[in-house]
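Reader: I'd like to learn how to read pockets and cavities. Could you walk me through them?

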Amino acid sequence: MNANSTRDGRPVGAVVLTSIAAPNAVMRKIAEDCTRLEMPFFVIGDTKSPSDFALSGCEFLSVDDQLKSGLQFAAICPTRHYARKNIGYLLAISRGVDYIVETDDDNFPSEEFYVPLPSRMQAHAVSGAGWVNVYRYYTDAMIWPRGLPLNKIQGDLPDLSSMEVDVPIQQGLANDNPDVDAIYRLVLPLPFQFERERRVALADGAWCPFNSQNTIHYRKAFPLLYLPAYCSFRMTDIWRSFVAQRIGWANGWSILFREATVVQERNDHDLMRDFEDEISGYLGNDKIRAALEAVEVQAGEEHIPDAMRACYRALVNGGFVGAEELPLLDAWLADLSASTNGISSAS
C-alpha cells in the first residue's frame with residue numbers, strides 16, 4: 001500500500017490502541033469491524049500484557065515484538081507507560097495509511113468512529129478566545145474536559161461563527177463516561193449523555209484539551225500524534241494536545257470536536273490516584289499554554305519536527321516534562337522520517 005492509496009476512492013485508515021488486558025469485548029468488536037472494513041488494527045502491549053494474546057483481525061505486538069521492530073523509539077521508550085502507543089502509530093504510518101483512528105480498550109465504537117470528517121469543511125468555529133470549555137456547546141449541564149484549568153470551567157462561552165476550516169485533527173466525544181477529570185468523577189454524576197450533536201472547530205487562540213481516546217489524525221498531522229513519556233500518565237495526551245494546537249495553528253489548522261462516536265464503559269480506576277496524577281495539570285496547564293504561546297513556530301509542514309523540538313524544550317525548561325523526553329522525541333522523529341521515506345520509495 002503506497003502513501004496515496006485509497007480504497008474505492010476513499011482514504012485508508014488504521015486503528016491503534018494500547019492495552020495490558022486480554023482480548024475483551026471492545027477489542028473483539030474493533031477487530032471484527034476492522035476486518036469488515038479492511039482496516040489494519042494494532043494493539044500495542046506492555047510488560048503486563050498476557051503472553052498468549054491472540055485475536056483474529058488484530059496485529060498485537062508484545063514488548064519483545066516491539067524491540068524486534070527496529071524502531072529507535074521502541075528501544076528507549078520506558079515500559080509500563082501509555083506512551084508506548086507511539087509504536088502503534090509508527091507501524092500504522094509505515095503501512096501508508098491516510099489517517100489513524102486511536103482509542104482505548106474501554107470505548108465501544110459506533111460505525112461513525114472509523115470514518116473521519118473531511119479535512120477541509122465548513123464548521124462552526126471560535127478563535128482567539130483563550131480557554132474554551134468545548135463540552136458546553138454540547139450540553140447545558142456542568143461538565144468539562146480533562147485538562148481544562150479549573151478556574152475556566154464556568155467562563156463565558158464564546159459565540160460560534162461559520163467558517164471554512166482545515167481540520168486534520170478531529171476529536172470525537174464519548175457518552176456514558178466522557179473524558180473528565182478525577183474531580184468531576186469524585187463529585188458529579190455519571191453516566192452522562194451529551195444532548196446535542198454538532199461540530200465545533202477551535203481556530204487560532206481558542207484553547208481546549210483533547211484526548212487520545214477517540215481521535216483521528218490525517219497524514220499531515222501524523223508527527224503531532226507523539227505522546228510524551230516523561231510526565232504523568234494522566235497528562236501525556238493532554239499536553240500532547242497543547243503542543244498540537246500551538247503547531248497546528250501556525251500552519252493554519254483548527255482542531256475539530258464532533259459528536260460522540262463511542263460509548264465508554266470505563267475500566268476500573270483508583271480515583272484518588274488519578275487525582276494525584278492530575279495535580280501537575282491542575283497547577284500547570286495554564287502555565288504550559290503561556291510557555292507554548294511564547295515559542296516561535298515557523299509555518300510549513302517541513303518545519304513541524306523542529307517546532308516539536310522547540311515546544312518540548314519549553315516544557316522541559318519549565319519543569320513540566322523530564323529532560324529525557326528530548327532524545328525520545330528525536331527517536332520518534334527519526335523513526336517517523338524512516339517510515340514515511342520508506343513509503344515514498346515504495347510508491
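Reader: How do the residues of the lining of the largest pocket divide into nonpolar, polar and charged?

Author: Five are nonpolar, eight polar and 13 charged. For these classes, Ala, Val, Leu, Ile, Met, Phe, Trp, Tyr, Cys and Pro count as nonpolar, Asp, Glu, Lys and Arg as charged, and the others, Gly among them, as polar. Bear in mind that this is a predicted model, where local features need pLDDT of at least 70, side-chain atom pairs count only at pLDDT 80 or more, and totals for chains, interfaces and linings use all residues. Residues are numbered from 1 along each chain as its sequence is written, and side-chain values use heavy atoms, with hydrogens and water left out.

Reader: Which residues lie nearest the centre of the largest pocket?

Author: First, the general idea: rolling a probe the size of a water molecule over the atoms shows where empty space is left. On a 1 Å grid over the protein atoms alone, a pocket is an open set of points with protein on both sides within 12 Å along at least five of seven lines, a cavity is a set where a 1.4 Å probe fits but cannot get out, and lining residues have an atom within 4 Å of a point. Here, Ile 20, Tyr 82, Phe 233, Asn 267 and His 269 lie nearest the centre, out of 26 lining residues. The volume of this pocket is about 880 Å³, counted as the space filled by probe spheres set on the points, which are joined across faces, edges and corners.

Reader: And how much space lies in the second largest pocket?

Author: About 250 Å³. It has 14 lining residues, with Arg 10, Pro 11, Tyr 99, Tyr 114 and Val 115 closest to its centre. By class, that lining has nine nonpolar, one polar and four charged residues.

Reader: How many cavities does a search of the whole structure find?

Author: Two of 30 Å³ or more.

Reader: What lines the second largest cavity?

Author: Its lining includes Glu 112, Phe 113, Gln 171, Gly 172 and Arg 258. That lining divides into two nonpolar, six polar and two charged residues, and the cavity itself has about 50 Å³ of space.
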